[in-house]
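Please read them with the structure open beside you.

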Amino acid sequence: MRTLIATAFVSLDGVVEGPGGEPGYRNSGWTFKDIEFDEAAYELKGREQGEATAMMMGRASYQAFSPVWPDMTVEFAGYNAMPKYVVSATLREDELVGNWGETTILRSLADVAALKETEGGPIIVHGSAELNRNLADAGLIDRYHLLLFPVLLGAGKKLFSDTDKDKQSLKLVESEAYGNGVQKLVYDVVR
């Protein structure tokens, strides 16, 4: 069975929208504005490229990443080389880019559950706030890789759902605090 890992830059109040400067969000680029860069805080991102064997995202994140990431051969070489899965009921095959390697469209959370049952290594979920919430609500996420930033953003897409559901326990398996206030938090989902 494959491990599904949600990875995110997240504000203290749970916002994940626009961390790198994506347009359309009033606080776009919040991970870099007014926060001192500390290379050590991003070690987790490099490690993910080496450990994951596939990448998953929702339609909106795919459409944001696919025109840009294939040309980022230094920063995202590991991600660019791995197979990609896009979870979307609406994305068409002819909308997939041709220069980003093997890409498979999964049409439902049942398809994600079936993929998890196959042989292979970890699958990392990038961006995709709505997909992450749906995966968590369906009990499909196994681990969280979070870089928690010392900011409160208020409005914005949240990582965690506000669905009224039973408590979900997490086990902290790795953590570190950095001089710039960023914290690395790695949690396994307790089943």
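1. The lining of the largest pocket draws at least two residues from each of β1 (4-11), α1 (43-51), α2 (59-65) and α5 (129-137). Among the contributors, α5 gives the most, with six residues. Please keep in mind throughout that this is a predicted model.

2. The volume of the largest pocket comes to about 1400 Å³. Its lining is made up of 45 residues, and those closest to the centre of the pocket are Glu22, Ser61, Phe65, Gly127 and Ser128. By residue class, the lining of the largest pocket holds 23 nonpolar, 14 polar and eight charged residues.

3. The second largest pocket has a volume of about 230 Å³. Lining it are 14 residues, with Ala136, Asp137, Tyr144, Lys165 and Gln168 lying nearest its centre. Here the lining divides into six nonpolar, three polar and five charged residues.

4. Where do the buried residues of α5 lie when the helix is seen down its axis? Ala129, Leu131, Asn132 and Leu135 are the buried residues in α5, and because they fall within an arc of 160° when seen down the axis, they line one face of the helix. As background, an α-helix has 3.6 residues a turn, so residues three or four places apart point the same way. The buried residues of α5 pack against β1, β2 (54-58), β3 (84-87), α4 (109-116) and β5 (123-125). After α5 comes Gly139, which has a positive phi, near 75°.

5. Two of the residues named for the second pocket also pair with each other: Asp137 and Lys165, both among the residues nearest the centre of the second largest pocket, form a salt bridge whose closest N and O atoms are 2.6 Å apart. Asp137 belongs to helix α5 and Lys165 to the loop between β6 (143-149) and β7, so this pair ties together parts that are 28 residues apart in sequence. Asp137 is partly exposed, at a relative accessible area of 32%, and Lys165 also counts as partly exposed, at 41% relative accessibility.

6. In the whole structure, a search finds 12 salt bridges. One of them joins the side chains of Glu174 and Arg47, at 2.6 Å from N to O; this pair links distant parts of the chain, with Glu174 in strand β7 (residues 170-177) and Arg47 in helix α1, 127 residues apart. Glu174 counts as partly exposed, at 23% relative accessibility, and Arg47 likewise counts as partly exposed, at 24%.

7. Is each partner in the pair of Arg191 and Asp142 buried or exposed? The salt bridge between Arg191 and Asp142 has its closest N and O atoms 2.7 Å apart, and it links distant parts of the chain, since Arg191 sits in the segment after β8 (183-189) and Asp142 in the loop between α5 and β6, 49 residues apart. Arg191 counts as exposed, at 59% relative accessibility, whereas Asp142 is buried, with a relative accessible area of 15%. Elsewhere, salt bridges that share partners join Glu43, Arg47, Glu174, Glu176 and Lys184 into one network.

How values were computed: Residues numbered from 1 in each chain as written. Predicted model: local features only at pLDDT ≥ 70, side-chain atom pairs only at ≥ 80, totals over all residues. Heavy atoms only, no water. 1 Å grid on protein atoms, 1.4 Å probe; cavity = no way out; pocket = protein on both sides within 12 Å on 5 of 7 lines; lining within 4 Å. Points joined across faces, edges and corners; volume = space filled by probe spheres on them. Helix = DSSP H or I, 4+ residues; strand = E, 2+ residues; numbered from the N terminus. Nonpolar A, V, L, I, M, F, W, Y, C, P; charged D, E, K, R; others polar. Buried < 20%, exposed > 50% of the residue type's maximum accessible area, 1.4 Å probe, protein only. Arc of directions from axis to C-beta. Contact = heavy atoms within 4.5 Å. Salt bridge = Lys/Arg side-chain N within 4 Å of Asp/Glu carboxyl O.
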